[in-house]
Amino acid sequence: MNINLLKLDFKNIRDFRELTIPLFKEKDVNTPFHISLIQMPNGTGKTTAINLLRSIVCGEILEKEIVLSYQPTRYKCDEGYFGVLLIIDRDLYSLGMHFDYRNGVMKYETSRPKEVGGGKSFSYDLPPYIRNVMTKNFTRLFVFDGEFSENILDNKKTEAETSIKFLYFLDRLELLKIKADTLLENKRKSTKDTKVHTQQGLTKLETEEKKLKQTLVDLNKQLKKFKEESVSTSQEIEDLEKKNDELLSENETIQAEFIEFTTKISSLENDIRNGTNIILNILRTPSQFSLKMNDKLKNLSENMSKLKLPRSVSSEFFKELSDEDECICGRPILNDSIKKKILEKAEQYLAADHITTTNCIKGSIRNMDDYKELSNLRDNLYSYINEKQQLIQAKDLLKLRLDEKDQEKAEKIKQEIIRLSSNLVDLNLYIQSLETKNSAFQEEFSLNEYENINLCQKKLIEKRKRLDEASDTVNFSNGVSLFKKMMDNIISSSIDKIKEDLISKSNTRISQLMGNKDVVLEKIEGCIYVDGKKGVSQGQSLAVAYAFLSTLFEDSPHKVPFIVDSPVGSLDLKVRREVSDLIPKLFAQLIVFIISSERNGFVEGIGKYEDVQFLTIYKDERETGSIAFHTDKKFFMQFHSENEEVQV
Amino acid sequence: MTFRLSNQAKSYFKNIFGKGSDDKLDILWDEYYICLMIGFSEVKIGDEASADSEITKTFPQAYKDQRYEIMASLIASEIDRRGISKVKDIENLMLSILDHNSSTELSSEGHRLMNRYVAGGFEIIKENIREVNELHMFLIKYYDILINVTNE
Amino acid sequence: MIKLNPRIEEAIRNEISVQKQSEDVFDMLKNLIINIFNNNDDILEIEQLIKSLKLYAT
């Protein structure tokens with residue numbers, strides 16, 4: 001930021017009826033003089049000008065008492081105005097204070113260039129980055145009152161640290177912290193579903209995910225175990241059945257019957273299989289599915305023939321016809337409305353392709369066979385099933401003809417088979433519960449993720465997704481915390497380092513100004529602390545203030561004008577020369593309000609610089625409220641204000 | 001456009017279904033057909049939303065020859081259900097059910113109706129036959145309800 | 001273009017070493033700070049930097 005003052009305007013302020021103090025060069029109105037020396041006798045309004053400047057740059061709202069204190073006393077008027085023309089980074093701003101003396105109130109007015117919003121606004125409306133820093137205390141550092149230099153040593157009135165932050169751009173690092181918070185907030189909003197944003201929540205999710213993972217491992221182990229058990233149980237049953245058969249087949253008295261039964265059962269099983277397939281194959285033909293279905297299709301076939309469906313005329317016929325000049329009946333197709341009518345007709349007819357499908361359907365049911373009863377086949381199948389059942393029972397009864405010992409054995413085998421079969425049913429149900437993907441089955445048995453592998457996998461995927469999202473957010477949140485912590489450390493460590501530099505540079509400067517080391521800048525802690533071996537005089541504190549301020553502003557990328565009232569009042573001649581030599585080097589724009597008694601020692605030093613204007617302003621007693629204004633250097637140098645007389 | 005069956009129906013048929021087995025239903029379309037024909041026969045349609053599982057997009061090889069008869073059955077059942085008899089109405093019905101551009105020659109409306117007849121047919125089966133373990137027992141009971149329901 | 005005050009650079013360097021962060025992070029942070037000094041910062045740069053920070057369990 002680079003601020004320069006180009007002009008001060010007064011209207012009906014104390015003794016100023018109308019006064020403009022130009023600070024720009026005639027040749028280039030947007031460039032200020034490097035140095036403007038404004039000589040004004042005490043009582044002319046120097047303090048008024050300084051106070052107004054300090055208020056206007058920071059947008060201070062003045063109280064009634066202060067507003068009224070600016071009202072001219074020597075003549076009557078109701079309104080006053082104080083304004084400045086500023087150039088900030090190449091943009092012109094006009095800032096004004098309107099005073100309403102009747103009501104004791106004031107209001108601001110800002111005119112801005114088009115490029116930065118343009119127009120006029122009836123408020124203090126400098127760019128936000130300037131408004132934010134222009135506090136009353138900050139303005140005291142560059143709108144400076146030499147007579148009150150002790151203020152800079154007063155911890156209530158200076159803001160050394162805040163000023164360092166601003167002048168060295170460290171306040172922008174605070175802005176980075178805010179931006180990081182915004183990023184985090186957006187991230188949280190975008191992962192609203194997860195709702196887990198804390199380390200604690202994340203740990204909980206991780207525990208849940210771990211538990212599910214373990215469950216999945218356990219369920220798979222169980223499945224494997226049940227499957228093995230199922231295979232071995234089936235094998236056992238098979239072995240037992242074989243054993244049972246052996247028991248019967250090896251017994252001579254029942255051997256023949258046993259073999260007969262077994263063969264018959266096997267042949268019946270064949271018959272059952274065949275019968276089933278025959279019925280199934282017949283049912284696969286819709287017209288043979290049932291009498292009702294056969295009737296229905298016959299009806300449809302008859303209807304289609306009766307109604308001449310599909311009609312031999314296709315929609316294409318009408319479409320083609322609509323393009324002809326003459327209808328098939330010989331009448332001419334004269335206009336679009338007739339064409340439209342014909343095309344409407346087309347929509348009511350099947351297209352040629354449609355007709356093909358319809359003809360296939362029609363053909364499939366045209367010469368349909370009559371329905372053949374399946375009752376015989378059904379009854380045969382049923383009798384095979386019954387017969388098989390009876391044979392199995394008969395085979396089972398054979399064991400009654402075994403001797404007692406073998407009978408016992410057979411009974412034991414039977415009981416064991418029953419037991420194992422029941423186990424097998426249970427095992428298969430367990431297996432199915434574990435591995436089924438069928439949602440109807442899962443619902444029927446109210447299975448959950450701790451009982452079914454498929455549900456567990458789904459839950460795990462879901463949980464992982466949430467976990468990924470959450471850990472992303474939580475990690476980012478931790479990153480933001482670290483980032484902010486680093487920023488804080490960098491800011492405070494930068495301030496410390498810059499303070500060290502400021503102190504050592506300032507002290508070099510102090511000894512240069514004073515020619516001794518009687519006064520030393522000790523530390524900057526909110527304000528600056530000075531260690532004076534023999535106490536600190538007013539002159540010494542002024543020198544310290546110059547040394548500190550010049551160092552503070554020298555290295556900052558921000559450039560502000562330095563405005564000073566009574567710059568060397570309490571300094572001795574030697575220090576005055578040093579100050580006048582030093583200050584112009586450090587500021588791009590220097591505005592000095594001075595009284596004639598301060599010229600000695602100070603103006604001579606300044607005189608070495610080229611880009612200087614000499615203004616003399618004093619009350620012209622010949623006319624009330626009239627102010628005399630001179631720009632002549634010679635006049636400036638010879639002016640004596642103490643007796644307020646003009647000496648030419 | 002697909003042929004769809006409810007998971008509930010798949011679960012019901014699980015014991016008598018087995019690919020490559022000679023005493024079980026070989027393809028899922030058998031289950032679909034078994035339900036479909038009872039639905040046609042009884043002109044009962046069910047809830048489309050219950051058909052949550054896709055079986056196939058086309059008629060399987062085993063049913064290719066019967067596909068026009070199946071479509072005819074759909075048309076006949078819809079004529080019954082809608083109670084229509086005029087040429088124009090029947091033609092409109094065909095226009096909405098058939099689509100010569102579709103691989104099945106059925107429009108999406110045609111598919112939707114088929115699936116609804118399947119859902120309706122399954123309701124009848126579920127009410128009348130408890131789950132069985134053997135295809136032959138199922139078939140006897142299926143035939144019996146076919147006769148009984150048909151005679152009602 | 002506003003340059004980085006060497007004392008601020010020192011502070012950044014020091015903080016990077018205290019927080020055991022990489023040379024890459026140092027470069028990113030330095031660039032970010034220079035950019036914000038010149039009103040040239042990009043929110044994506046901040047996000048990238050935060051994601052690059054190494055987080056140590058506390």
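In this predicted model, S94(A) stands opposite S111(A) in β6(A), a handy place to begin a look at the strands of chain A. From there we move to the interface of chain C and chain A, where the two chains bury about 2600 Å² between them.

**Strands of chain A**

- Strand β5 (residues 91-100) of chain A runs antiparallel to strand β6 (residues 105-112) of chain A, and seven bridges join them.
- Four residues lie between the strands in the hairpin of β5(A) and β6(A), where G104(A) takes a positive phi near 65 degrees.
- β6(A) also pairs with strand β7 (residues 119-121) of chain A, in the antiparallel sense and over three bridges.
- Within that pairing, T110(A) stands opposite S121(A) in β7(A).

**Where chain C meets chain A**

- Chain C brings 28 residues to the contact and chain A brings 30 residues.
- Of the area buried between chain C and chain A, 74% is on carbon and sulfur atoms.

- Four salt bridges are counted between chain C and chain A.
- Seven residue pairs are in polar contact across the interface of chain C and chain A, with both residues at pLDDT 80 or more.

**The side of chain C that touches chain A**

- At least two residues of this side come from each of α1 (6-18), α2 (23-37) and α3 (43-52) of chain C.
- α1(C) gives the largest share, seven residues.
- Sorted by class, this side of chain C has 16 nonpolar, five polar and seven charged residues.

Notes. Residues are numbered from 1 along each chain as its sequence is written. Chains are lettered from A and ligands numbered from 1 in the order in which they are written. This is a predicted model: local features need pLDDT of at least 70, side-chain atom pairs count only at pLDDT 80 or more; totals for chains, interfaces and linings use all residues. Side-chain values use heavy atoms; hydrogens and water are left out. Contact means heavy atoms within 4.5 Å. Buried area is the accessible area (1.4 Å probe) that two parts lose on being put together, summed over both. A salt bridge is a side-chain nitrogen of Lys or Arg within 4 Å of a carboxyl oxygen of Asp or Glu. A polar contact is a pair of N or O atoms within 3.5 Å; within protein, one must be able to donate a hydrogen and the other to accept it, and residues adjacent in sequence count only if both atoms are side-chain atoms. Ala, Val, Leu, Ile, Met, Phe, Trp, Tyr, Cys and Pro count as nonpolar, Asp, Glu, Lys and Arg as charged, and the others, Gly among them, as polar. Two strands pair if DSSP finds at least two bridges between them.
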